[in-house]
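Please open the model in a viewer and keep the selection panel at hand.

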Amino acid sequence: AGSAGQTDHRALHEGCSAGGLPGADPAERRDRKIDRSIEESAREYAKNHDNLIIDARLGWYVVPDSFKVYLKVDLDEAARRAFNDPNRKATESFNTVLEQKQDMIKRQHSENTRYKTLYHVDNLDMSNYDLVIDTTYITPDEVADIILDRYTELISIFVLYIRSILIFINHNFFKIIHKLISNICIFRYYIYSHKSYIIKLI
């Protein structure tokens, strides 16, 4: 999204903060305010810090100059993990994995619709990311290894690219200097060989 898109979504944010988005119920307005708060805090933090990890659905959009990773998982497995996560029990009260799954489907649809409305972006468009990993059958440690390996690979490619550019610049720089020196030498020879003629002209 360009600057125009950013202007649009800021205007929409202002509208939702004032309750101005049509069809938005209080819960939706609250979620949009939360989106805005997370967006602004993440953007500001990234401006002043290096070597950080942002765990957010719109992190790729808020901090575009970053290494963007999308972790996907089979929906049934996602529901099973969420249902068995003790840290979620304080805020969620589902009786079965199926209830958990249905809530996840509803929430994902709601969030993606909100992102498209506010930011004009598709969070599920995999082209937004530098790396997409299916975590269904692998461990967190394996996920971390994949991310580090790919990031290191991209850094290496970038370093080689910059080095190639510098070599090209240096090579052409020395060619230019050599040609300049040659021309100076030719000019000096010409002046010296026609010295007496030049004196006469003066």
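**Stop 1**

Select Leu-166, which counts as partly exposed at 47% relative accessibility; here buried means under 20% relative accessible area, exposed over 50%, and partly exposed in between, with a 1.4 Å probe and protein chains only. Leu-166 is placed in helix H6, residues 140-193. Helices (H or I, at least four residues) and strands (E, at least two) are DSSP runs, numbered from the N terminus.

The model is predicted: local features need pLDDT of at least 70 and side-chain atom pairs count only at pLDDT 80 or more, whereas totals for chains, interfaces and linings use all residues. Residues are numbered from 1 along each chain as its sequence is written, and side-chain values use heavy atoms, with hydrogens and water left out.

Accessible areas come from the Shrake-Rupley method with a 1.4 Å probe, and for residues only the protein chains shown count as cover.

**Stop 2: the whole chain**

Now colour by secondary structure. The protein has 7 helices and 2 strands, in the sequence pattern α-α-α-β-α-α-β-α-α. Of its 202 residues, 21% are buried. The accessible surface is about 15,000 Å², with 58% belonging to carbon and sulfur atoms. Among contacts (heavy atoms within 4.5 Å) with a separation of 6 or more, 58% link residues 24 or more positions apart.

**Stop 3: the largest nonpolar core**

Which residues have the most contacts inside the largest nonpolar core? Select Leu-58, Trp-60, Tyr-61, Val-62, Tyr-119 and Val-121, which have the most contacts within this core of 13 residues. H2, helix H3 (59-62) and helix H5 (97-119) each supply at least two of the core residues. A nonpolar core is a set of buried Ala, Val, Leu, Ile, Met, Phe, Trp, Tyr and Cys residues joined through side-chain atoms within 4.5 Å.

Centre on Leu-58. Leaving aside neighbours within four places in sequence, Leu-58 is in contact with Tyr-115, Tyr-119, Val-121 and Asn-123.

**Stop 4: helix H2**

Select residues 26-48, which make up helix H2 and include Arg-36. Arg-36 is partly exposed, at a relative accessible area of 25%. The C-alpha atoms of Arg-36 and Leu-118 are separated by 9.6 Å, although the two are 82 residues apart along the chain.

A salt bridge is a side-chain nitrogen of Lys or Arg within 4 Å of a carboxyl oxygen of Asp or Glu. Because Glu-44 and Lys-47 are 3 residues apart in helix H2, about one helical turn separates them. Glu-44 is partly exposed at 37%, while Lys-47 is exposed at 57%.

**Stop 5: further salt bridges**

The model contains 9 salt bridges by this rule. Select Asp-130 and Lys-68, whose closest N and O atoms are 4.0 Å apart in a salt bridge. Asp-130 lies in the loop between H5 and strand S2 (131-134) and Lys-68 in the loop between H3 and strand S1 (69-72), so the pair ties together parts 62 residues apart in sequence. Asp-130 is partly exposed at 36%, whereas Lys-68 is buried at 14%.

Next, show Arg-88 and Glu-92, whose side chains meet in a salt bridge of 3.0 Å, N to O. Arg-88 is partly exposed at 24%; Glu-92 is buried at 18%.

**Stop 6: the paired strands**

Select S1 and S2, which run parallel and are joined by 4 bridges; two strands pair if DSSP finds at least two bridges between them. Val-69 has Leu-131 as its bridge partner in S2. Which face of S2 is covered and which uncovered? Leu-131 and Ile-133 form the covered face, Val-132 and Asp-134 the uncovered one. In a regular strand the side chains alternate between the two faces of the sheet.

Finally, select His-120 in the loop between H5 and S2. His-120 has a positive phi of about 60° although it is not a glycine.
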